[in-house]
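Hello,

Here is the structure for you to look through.

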Amino acid sequence: MPQLGLLHGRVWASLLGKLLRPPGAVCIGAVHSHSQGTRDLTPQQMVVREKILDLVVSCFKRHGAKGLDTPAFELKEVLTEKYGEDSGLIYDLQDQGGELLSLRYDLTVPFARYLAMNKVKKMKRYHVGKVWRRESPTIVQGRYREFCQCDFDIAGQFDPMIPDAECLKIMCEILSGLQLGDFLIKVNDRRILDGMFAVCGVPESKFHTICSSIDKLGKMSWKDVRHEMVAKKGLAPEVADRIGDYVQCHGGVSLVEQMFQDPRLSQNKQALEGLGDLKLLFEYVTLFGIAEKISFDLSLARGLDYYTGVVYEAVLLPTPAQAEEEPLNVGSVAAGGRYDGLVGMFDPKGHKVPCVGLSIGVERIFSIVEQKMKTFGEKIRTTETQVFVASPQKNFLQERLKLIAELWDAGIKAELLYKNNPKLLTQLHYCENMGIPLVVIVGEQELKEGVIKLRSVASREEVAIKRENLVAEIQKRLSES
């Protein structure tokens, strides 16, 4: 398949078109999940997943990122105290010879550890890999205990908000390319949140825990979040109400301007820094042509402890029909933010490397795409075989093997049946079932005349082609299809 460039709607449609609806192909299977929150992926599911990952990775590469991989497990101390209230979800491994190890919880902390260990001060990287979380999996939403993450990060000291704006642009390119429907990227800043907590009267010791409650807005109503903060976390009711006035605000750059004028918030140095950066961010996303996709949302908190500045989260907007059924959003399909202090935690001298990044929620995207395909009853090709080598007569195995080797050596994806003397009808049926477009047929007549028959499976038309021109003719046809 050709290398994927930027995938506009048309390209993604044609890309899926190549996978879908060959005659009699297999339909996408149901998701079989094990009780432990993991799952096997069928060949049909793998095809869809690989297309999604190709699209994501080609976007990361287009923006100049290098690939990186880190081990599946880290020293337990590397992961501890980096995830706030979510730390309980880390999978610990049994002690083997004195080393306490844990499975990685995300790809960000290992990246920060890598930068510190290797004294790397600047890097733009992407990483696709599995991570593990011990949560009670709600399979419906596409949440598993073992799942794949696709991350893109920019590490290094740069002028403010340029890398951050590029991260938002990347999220827009990927979500538009996947054609999942309308989406919105909510943006906030941890400094604005902390400033807001301070002016509302939240004790500093409660910032993190209140932050993780605020992060549940969208999944829970304000009433339930307020109850959690007051009843479970001991926040004074009037403080919760003051927070409520802020976190229910969202809008564009005009809201940023409005917050600059806010009598309480404008008194806080941290909040002002955050607002200044957001104003700049809006300027850059406007230049990138994506401002209408970005919403300044004071309720966005991102529960993880390591964020220090801008945070963002992309959500799919429900269609009018869905909106009536489910008032709360489906959950985020991409998220990220700025974490300027994380690398310093791993550096013996505490040297900081500012970082900003994003993570694409491929599992959730995968379940949405899968759901769509089931709804439309779309069929999927599980192999990419282009040519099938067949014979109508007995004792032609040697000729078939010689011929298929020639095709493989020319880089053509080809198959044959592993039988000495298969029936021609069986061979042709196999092509129809597998959606293979071309068949080459070699028999006594063809050998005598020094030709090979080339048959189109869809139209059933056959032409005789000189043996020495076969590869060139096949390549020509494939390039036209």
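Lys169 is partly exposed, at a relative accessible area of 21%; buried means under 20% relative accessible area, exposed over 50%, and partly exposed in between (1.4 Å probe, protein chains only). The model is a predicted one, in which local features need pLDDT of at least 70 and side-chain atom pairs count only at pLDDT 80 or more, while totals for chains, interfaces and linings use all residues. Residues are numbered from 1 along each chain as its sequence is written, and side-chain values use heavy atoms, with hydrogens and water left out.

Lys169 forms a salt bridge with Glu173, with 3.7 Å between the closest N and O atoms. A salt bridge here is a side-chain nitrogen of Lys or Arg within 4 Å of a carboxyl oxygen of Asp or Glu. Both residues lie in helix H5 (residues 162-178), four residues apart, about one turn of the helix. Helices (H or I, at least four residues) and strands (E, at least two) are DSSP runs, numbered from the N terminus. Glu173 is buried, at 15%.

By this rule there are 31 salt bridges. One of them joins Glu384 and Lys51 (3.9 Å, N to O). This pair links distant parts of the chain, 333 residues apart: Glu384 is in the loop between strand E13 (379-380) and strand E14 (387-390), and Lys51 is in helix H2 (residues 43-62). Lys51 is buried at 5%, whereas Glu384 is partly exposed at 39%.

As for cysteines, the structure has zero disulfides (pairs of cysteine sulfur atoms within 2.5 Å). Cys172 counts as buried because its relative accessibility is 4%.

Regards
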